[in-house]
Amino acid sequence: MSAFAAWHPADYLRHYCAEVADDEHATLRFLVGELVGHGPAATALDFGAGPTLHHALPLAAQVASIDVADLLDDN
């Protein structure tokens, strides 16, 4: 994991999450659109989540439990 030794999630958040970029708007619209019409589920998995939870949030009303996983412990 030495390639990630200088990784700081707070720096990532400041750089990528200071505002919502167009691609994130599209991703969130897609996620919400895909959930329409699906019934509740017991669990969901957000893998490769990084240091944020915003992609898991649209799932919150649809599932009882969300497991979040990432390669880096700091995330």
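Guide: Accessible areas here come from the Shrake-Rupley method with a 1.4 Å probe. The model itself is predicted.

Visitor: Fine. What does the accessible surface of the protein chain come to, then?

Guide: About 5700 Å², and carbon and sulfur atoms account for 59% of that.

Visitor: And what share of the residues count as buried?

Guide: 16% of the 75 residues in the protein chain.

Visitor: Which helices and strands are there, and in what order?

Guide: The protein chain has 2 helices and 2 strands. From the N terminus they run α-α-β-β. The chain is more spread out than a compact globule, because its radius of gyration is 14 Å, well over the 11 Å that the globule rule gives for 75 residues.

Visitor: What does the C-alpha trace span along its principal axes?

Guide: About 45 × 25 × 15 Å.

Visitor: Which one gives the largest share?

Guide: α2, with 3 residues. By class, the lining of the largest pocket has 9 nonpolar, 6 polar and 4 charged residues.

Visitor: What about the second largest pocket?

Guide: Its volume is about 180 Å³. Of its 13 lining residues, Glu34, Leu35, His38, Leu59 and Gln62 lie nearest the centre. Here too α2 supplies the largest share, 4 residues.

Visitor: How does that lining split by class?

Guide: Into 8 nonpolar, 4 polar and 1 charged.

Technical notes
Residues are numbered from 1 along each chain as its sequence is written. This is a predicted model: local features need pLDDT of at least 70, side-chain atom pairs count only at pLDDT 80 or more; totals for chains, interfaces and linings use all residues. Side-chain values use heavy atoms; hydrogens and water are left out. Ala, Val, Leu, Ile, Met, Phe, Trp, Tyr, Cys and Pro count as nonpolar, Asp, Glu, Lys and Arg as charged, and the others, Gly among them, as polar. On a 1 Å grid over the protein atoms alone, a cavity is a set of points where a 1.4 Å probe fits but cannot get out, and a pocket is an open set with protein on both sides within 12 Å along at least five of seven lines; lining residues have an atom within 4 Å of a point. Grid points are joined across faces, edges and corners, and a volume is the space filled by probe spheres set on the points. The radius of gyration is taken over C-alpha atoms; the globule rule is 2.2 Å times the number of residues to the power 0.38. Buried means under 20% relative accessible area, exposed over 50%, partly exposed in between (1.4 Å probe, protein chains only).
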